[in-house]
Every structure is written in structure tokens, then in C-alpha cells.
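Dear colleague,

Please find below the structure that I am handing over to you. My notes on what was found in it follow directly after.

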Amino acid sequence: MTPRLALAGLVKQYGSTRALDGAALEVSPGSVHALVGENGAGKSTMVGMVAGGLEPDAGEMRLDGEPYAPRDPRDARTKGVVLVHQELSLFPHLSVWENILVGVESQRYGVLDHPENRRRATEALALLGHVDLDPGTRVDRLSPAMQQVVEICRAVAIRARVILLDEPTSSLQRIDVERLFAVVRKLAAAGVSVVYISHALEEIREIATDITVMRDGRRVLAGTIPEVDDEAIVRAMTGRDLTHRYPQRSPSRRAGPALSEPAGRVEGRVEGRVEGRDPGPAVALSVRNLSVPPKVRDASFDVHAGEIFGIAGLIGSGRSTLVRALFGLRACQADAVRIDDRDVRASTMPADRIRAGVGYVSEDRRHEGLLVERSLVENVTLSDVHQSATRGWIAAAEEHRLAVTHLDAMGTRYANAAALVRTLSGGNQQKVALARLLHQRARILLLDEPTRGIDVASKAQIYELIVERAREGCAVVFVSSYLPELLGMCDRIAVMRRGRLEPARRASEFTEASLLEAAMGASAHAPSEVS
Amino acid sequence: MPAMSRWAQRFAPLIGLVIVALVFSILTGAPERYLSLQNLRVILAQTLIVGLGAIGMTFIIVSGGIDLSVGSVIALAGIVAALVLRDGGSPTWAIAAAVLTGAVVGAWNAMLVTRVKVIPFIATLGTLGAARGVAKWLAGERTVNIPDTWINELAVTFPAQAWMLVAPGIWLAAILAVIASLVLTHTVFGRRVYAIGSNEVAARAAGVAVESIRQRVYVLAGALVGLAGAMQMSRLRQGDPTVASGTELDIIAAVVIGGASLNGGEGGIAGSIIGALTMAFLRNGSQQMGWPSYVQEIIIGLIIVAAVALDRWRTRQRTA
């Protein structure tokens with residue numbers, strides 16, 4: 001049987017990195033094909049090509065045996081290939097039918113044919129088992145799950161042959177996931193091929209008929225469900241050579257402080273200060289039952305001075321929300337948030353946190369991390385300009401000197417410290433963000449994906465800096481999607497899954513596979529049982 | 001090349017002003033008259049009110065906001081000052097009352113923007129109407145006549161003391177412009193005004209108290225507009241509740257011609273003052289040419305669009 005969609009030898013080069021390196025995929029008609037792989041494995045790039053958003057440098061694509069080379073997303077749609085994005089792309093102020101039929105509305109004499117449009121929309125909705133939804137309803141009145149149904153109906157209305165679902169369940173509750181699965185099954189039954197990108201193995205097992213695993217821009221495993229088991233999938237996803245080297249850390253540090261997480265209450269406990277000899281066990285940051293409904297529930301952990309504490313978890317698991325709440329960027333409830341043994345729940349502005357010695361590096365460098373349209377100097381000193389100011393007046397030379405000191409300490413490459421941050425490469429921009437933490441003399445570093453999207457050399461420098469800070473007694477909270485990095489850098493790692501933070505364990509107790517399994521909630525082995 | 005483009009960026013408004021002055025010097029055929037001290041005094045006196053407003057508006061626009069209520073607030077502050085004078089208050093009190101009135105309206109705008117969370121465009125559009133109404137109400141829908149005091153000399157075209165060269169109000173405005181420029185570029189407050197206008201989210205994440213900065217910006221700008229109201233009253237020698245209608249648009253135009261971006265994060269006092277002067281030179285030149293006022297309006301309209309289009313074009317050049 002001719003595959004519905006056949007991709008072979010796809011290559012895409014971005015500068016010196018190869019996003020796709022001979023990627024391949026075969027999808028049968030009427031199948032639900034799971035596409036999995038770690039972040040950066042090349043899934044999005046490949047799907048982007050299929051949907052017409054990207055052009056391959058080399059390789060071949062065939063749709064029902066015919067050569068297929070969409071010029072743009074619109075061309076892909078007319079050929080029957082539709083990508084349903086992670087973030088929905090609906091028009092919130094328009095009605096359900098207007099959204100479903102956007103661009104393909106029925107007209108008579110140049111005027112919209114309302115009865116016909118409603119009929120077609122209802123037909124599409126009925127195919128997915130949602131006859132009850134009135135096509136005249138405004139889309140912003142619908143739940144996220146129903147909005148997703150509308151989004152998929154769009155594909156149905158143009159008689160799509162291939163529908164690409166990019167992490168469709170990441171924003172859904174369990175009950176809505178069931179409804180989505182029912183929709184996907186109806187699509188498959190109607191002969192549509194569904195490519196289903198997901199990280200959640202249990203979902204894949206439930207819905208998919210075939211699976212392709214990608215790694216480093218290639219297909220590393222293809223098979224059918226349930227023949228391929230979880231272990232094989234995880235092994236295929238992670239089985240890469242470790243290409244990064246992580247800084248050496250002294251063995252005593254590496255062993256990490258107080259291993260077991262305290263089970264009881266934290267009130268009144270003055271840990272580490274008792275004998276006053278080894279500052280190691282001093283708890284710098286202590287969190288008890290922090291919740292940001294519905295994204296984070298009852299997170300508790302301690303980070304010790306000099307410790308690098310990793311938080312692993314999939315995107316959307318709540319790890320970024322947790323860190324943002326700690327920094328005062330999200331409202332939260334907690335039984336205790338203690339910094340250097342002072343309860344800081346009362347003051348929840350970022351400025352208060354900065355004063356208490358907390359520094360934050362956002363995962364979104366361009367939009368939240370930096371003022372890209374302002375100078376390097378301004379960005380470095382932004383969180384604590386007062387250092388070089390007297391009664392509100394900034395001493396420009398002093399400010400410049402301080403900023404340059406910290407930029408150089410970070411190994412930032414720049415021609416002129418007065419240049420705009422925008423003119424720097426991603427890696428150097430990130431060093432500016434970190435130089436800010438040096439400048440504000442942060443003792444507790446909250447780093448959310450500090451190495452995302454930057455080159456290898458800059459990564460190494462940033463690792464070095466983080467380890468150095470820890471050696472000097474800073475407490476580091478290190479959030480990352482890139483597991484080798486967590487394993488290589490952290491003393492202890494806690495896994496976050498669907499808003500719950502598991503108790504932390506020593507990094508040495510995890511393997512990449514066991515960490516990934518814990519994050520995805522696969523048939524959970526205890527980490528120690530994984531060889 | 002980058003040094004060159006930054007140079008062009010900084011001096012483009014000034015070059016624009018020089019071009020306007022030169023063009024009219026030639027057009028009028030009498031540069032010695034158009035650029036005479038006499039005529040410069042006239043132009044400066046005509047710039048005074050827009051210039052004062054532009055100082056405050058620069059803070060607001062750089063911070064990413066907008067204030068459409070200025071024209072009405074000038075009238076309202078002028079009426080308050082006139083009423084104080086009429087009821088026997090001293091000129092100093094009258095000016096203080098005008099400044100305070102402006103600051104109070106600024107605080108009202110700030111409250112709407114930062115607490116009620118109405119976008120600045122709508123909040124100040126509402127104030128534009130309301131402040132005009134209050135001005136008419138206080139004035140009993142008539143002009144308010146004032147006794148003859150030194151306040152009338154504040155904004156005259158030709159000062160009584162020849163050694164002053166220009167009216168005391170213009171000196172005051174110039175000093176305020178210098179101070180405001182230093183505040184914007186050399187203080188923590190000014191730095192934060194740029195920061196929240198450039199990227200509010202990032203500023204917040206760096207610990208900047210965004211709401212508090214916004215409040216101070218609107219109050220500060222309001223106070224300056226209040227002073228402009230006192231100057232307006234001084235020029236008219238009476239309080240007029242219908243005066244300065246549409247002035248806010250001249251002020252915004254001055255700030256934009258001066259290189260500010262309505263998206264925030266860009267702009268400066270010097271540019272805004274140059275923008276205000278450019279428009280005054282244009283008006284004055286057109287008058288000297290004997291052109292009807294609609295010609296001025298058309299030219300100024302085109303200049304605003306050209307200034308912004310040029311700025312966009314430069315930005316694209318930089319990013320390309």
C-alpha cells in the first residue's frame with residue numbers, strides 16, 4: 001500500500017547546526033502516527049516542512065505517491081495537509097463556523113451563503129462527534145478543549161488527508177484528553193492520517209497505531225504500537241553520545257549536602273548553622289507546599305548554599321511557573337518560602353526578591369530576560385542601578401565600569417558596551433542576562449533554561465560560571481529540558497510532572513533514561529533499578 | 001557605519017529643523033528678517049506652550065504611554081490660575097494652583113491607567129472631555145478676567161527688560177527642559193522610564209516597580225501641563241475655558257518628530273523641543289509667506305508622516 005505521506009532524506013541546515021540530517025517518515029492512510037523525540041531532535045523542523053512553513057535543503061516528500069513540495073502553509077492546506085499548532089490559531093471574536101470555514105466560505109453572488117456555511121460547519125462538527133455545538137457560538141466562549149475541536153474541524157472542512165497535531169494535550173485536562181482521543185479516532189476511521197507529536201508515552205500507547213522516534217535530526221526507530229515498548233522508545237530517544245563536557249566539581253561538593261529531603265515541618269528549624277563549621281548544609285532557599293493553581297501543586301524543596309538543584313520536567317509541567325512564583329512574578333500560596341531562614345511570603349514583588357539576594361534568568365530571553373533595544377550596560381545594571389547612583393543620579397562612568405567588569409567576568413564578546421543588546425548573538429545575550437545577576441550580587445540563582453538556543457562554546461562558559469557561583473556559596477535552581485545538562489551540572493534533581501514536584505534525589509541516582517521516564521510518567525521504574 | 005547611523009539618528013530632527021529654517025529663509029527672500037532676533041522671539045513665544053507640554057509628553061511616550069487630555073488640562077489649569085488671581089490670590093499662588101491642577105489630573109490619569117487598568121489612550125481620551133467640562137463649569141462658561149500683575153509679563157513676545165532677550169517664561173521652560181533631559185538620561189527614575197517603555201515585561205522581571213514609575217510619569221507630565229496652562233493664561237491675559245483645543249496633537253507631533261516612538265522606549269527631551277521648534281518655524285514661515293492656514297495644516301500633517309516614515313526606514317536599515 002502506498003503510504004499517505006512518505007518523507008526521505010530530509011536535510012535542514014541552520015548555520016553550523018543540522019536540524020535535520022536525513023530524516024524520514026512513512027505514514028499510512030487512516031493511521032495515528034506518534035512522532036516522538038527530545039527537544040531539538042528535529043520534530044518541529046520536519047513537521048514544519050510537511051506543513052509548508054519550511055523548505056528542505058535536500059530530500060524528498062511524497063503525498064499519496066505524488067511528489068509533494070508545498071510552497072507555503074496555504075499551498076499545503078489546499079493539498080490536504082494541515083498543522084494544528086500547540087498554541088491555537090483561532091479568531092477568538094468570530095463564531096465557530098466562521099473559524100472552521102475561514103478562507104473557504106461558501107458564497108453566492110459574492111455574499112456569504114449562511115445556511116450553506118452553517119450546514120458545512122455542522123457537518124464537520126458531526127464527523128468529530130460534536131453535533132451539540134452551535135456553530136454560531138463565539139469561539140472565545142468555548143473551553144480550550146472545545147477550541148481545539150474547532151481547530152481540528154478546520155482541517156476536516158477542507159477535507160484534509162494528513163493532520164499534524166503538535167502536542168495537542170499539553171493544555172488539556174484528562175477528561176478533555178479523552179474527548180480529543182475520540183476525535184482523533186473518528187478522523188482515523190474517516191481515512192485521515194494523523195501525525196501525533198507528544199511526549200506522554202501513556203497517551204501514545206493509548207491512541208497511536210505507529211510510532212517514529214527521532215534523535216539528532218534522524219529517524220532512529222520506527223515500529224507499530226504495541227510492539228515497541230516504552231524502554232525501547234526511551235532508549236532510542238536518549239541513546240546519543242554525550243557531546244557536552246561539564247565542569248569538574250570537587251568531590252565533596254559533588255556528593256551534595258543533606259541527602260534526604262526533610263519530611264516534616266520546616267518551622268523553627270535552623271539547619272546548618274548549628275555548629276557553624278561547614279557552611280555546606282545551610283539552607284538558602286526553603287519552599288513548603290507552594291501552589292499556583294492549576295499549574296503547580298504543593299511544591300516543597302530545600303536548596304542549600306553551594307548546591308546546584310535541578311528541576312526536570314516537560315514543557316508545560318509547571319516548572320517555569322514554580323520558578324516565576326518564587327521570584328514574585330506569579331501570585332502563589334505557600335506554607336513557607338524562606339530565604340536564609342527568613343520567611344519572605346509577605347513581600348512578593350520581584351524588587352523585594354532581588355533585595356533578598358535572589359536573581360532570575362527568564363527562559364524567554366528576548367521578551368522577558370532582556371531589554372534588547374537598550375544597551376548592554378543598562379541591561380546589566382537594570383535590577384540594581386542604585387549601586388552606581390547617588391540620590392537617584394547615576395554616575396555614568398562608574399556604572400559603565402561595573403557593567404564592563406561583570407560582562408568580562410562572563411566572557412561576553414562585544415565591541416561596545418553602549419551597543420544595543422539586540423546586536424549580540426544569542427549566547428552573548430544570555431551572558432548579559434547572567435552578568436546582571438553578578439551585578440546585583442545574587443546569592444540564590446533561579447535559572448530557567450539558561451542555555452536554551454545558544455552555541456556550544458557559550459554553553460560551556462555558562463556552565464563554568466554557574467559552577468563557580470556554587471563554589472562561592474550561591475544556591476542555584478537550574479531548570480532545563482536538556483537532561484544531559486541537568487545530569488552533568490546538578491547535585492540533586494527533582495522531577496516535575498503535571499504540576500507536581502517529586503522529592504529530589506541525587507543526580508547520580510538518575511540516568512538520562514530514568515529521568516526522562518520520570519518526567520513523561522512512563523511505566524515508572526525506581527531510578528535505582530535502571531541499569 | 002554604526003557610529004554614522006547613530007549620529008544620523010541623534011541629529012536627524014535637528015537637521016530637519018535646519019532644513020525648514022533654510023527653506024523658509026530662501027522662500028521668504030529675506031533670511032535676515034526670518035532669522036532675525038525679532039522673529040526668533042516670536043517663534044519661541046509661539047513654541048512655549050507646546051514645548052512645555054512636550055517635555056512631559058516625552059516622559060509619557062518614552063514610558064510607552066500616551067496622553068490625549070493635554071489641551072483640556074491646559075485650559076483647566078489656566079482657569080484655576082485665573083480664578084485664584086481674580087479672587088485676590090498672588091501670582092505665585094496662581095501658578096502653583098495651575099501646576100497642582102495639572103498634577104492632580106495627571107494623578108487621575110495614572111490611577112485610571114495603573115489601577116483601573118484602562119489603556120492610556122482611552123483613559124486620557126475620557127479625561128480630555130471631562131477636564132474641558134470642568135474648566136467650563138468652573139469658569140461659568142465664560143472667560144475669566146484677571147487683574148494686571150507680573151504674571152502677564154511671563155510669556156510675552158518682547159520682555160519689558162530688554163536684557164532678558166526672551167520672556168521669563170521661556171527661560172523657565174528652557175531650564176526645565178535641561179533638567180528634564182538630565183533626569184531622563186542620568187537618573188535611576190529616567191532609566192526606568194526607558195526600561196518600562198522598551199519592554200515592560202522584562203523591566204518587571206528585573207524588579208522595576210512598573211506601576212509606581214507610570215504614576216510618577218503621569219503626575220510629572222501633568223504638573224508641566226499645568227504650568228503650560230498658566231503660560232497660556234498669561235499670554236491671553238485671561239482664563240479661557242475653550243482655549244488649547246487640539247494642542248495635545250501638536251505636542252504629540254512634536255515628540256514624534258523629535259524621534260520618539262509611540263511604542264515606547266525611544267525619544268528624548270532635546271528631540272521633542274526641536275520637534276516643537278520645527279513646527280513653530282513652519283507655522284511662522286507660512287504666515288510670513290502669507291499662505292492660508294490650511295496650507296500650514298497640510299504641510300505639518302505631511303511632515304509628521306514623513307518624520308515617522310523616515311524613522312521607520314532608518315530602523316529597518318539598522319535591523320537589516
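**Domains of chain A**

In this predicted model, the C-alpha centres of domain 1 of chain A and domain 2 of chain A lie 33 Å apart. Chain A is divided into domain 1 (5–238), domain 2 (280–357 + 443–531) and domain 3 (375–440); such bounds come from an automatic or database domain assignment. The contact between domain 1 and domain 2 of chain A takes eleven residues from each of these two domains, where two residues are in contact if their C-beta atoms, placed from the backbone, lie within 7 Å. On the side of domain 1 of chain A that touches domain 2, the elements giving two or more residues are α7 (201–207) and α8 (230–238) of chain A. Helices (H or I, at least four residues) and strands (E, at least two) are DSSP runs, numbered from the N terminus. The most is given by α8(A), with five residues. By class, this side of domain 1 of chain A has four nonpolar, four polar and three charged residues; Ala, Val, Leu, Ile, Met, Phe, Trp, Tyr, Cys and Pro count as nonpolar, Asp, Glu, Lys and Arg as charged, and the others, Gly among them, as polar.

As to conventions, residues are numbered from 1 along each chain as its sequence is written, while chains are lettered from A and ligands numbered from 1 in the order in which they are written. Local features need pLDDT of at least 70, side-chain atom pairs count only at pLDDT 80 or more, and totals for chains, interfaces and linings use all residues.

**Backbone features of chain A**

A cis peptide bond joins A:Ile225 and A:Pro226, with omega about 10°. A:Pro226 is located in the loop between β12 (218–224) and α8 of chain A. A cis peptide bond also joins A:Pro293 and A:Pro294, with omega about -5°, and A:Pro294 belongs to the loop between β13 (283–292) and β14 (296–304) of chain A. A:Arg159 is not a glycine, yet has a positive phi of about 55°; this residue lies in the loop between α5 (144–157) and β9 (162–166) of chain A.

**Contact between the chains**

Chain A contributes 24 residues and chain B 17 residues to their contact. On the side of chain A, α11 (350–355), α12 (365–369) and β20 (393–394) each supply at least two residues. That side of chain A comprises 14 nonpolar, six polar and four charged residues.

**Helix packing in chain B**

The axes of helix α3 (residues 37–62) and helix α12 (residues 269–289) of chain B come within 8 Å and cross at roughly 140°. Axes are lines fitted to C-alpha atoms, for helices over the stretch in contact, and angles run from 0 to 180 degrees between N-to-C directions.

**Confidence**

The predictor gives the complex an ipTM of 0.86 and a pTM of 0.79. Chain B averages a pLDDT (the predictor's confidence in each residue, from 0 to 100) of 91, and 96% of its residues score at least 70.

With kind regards
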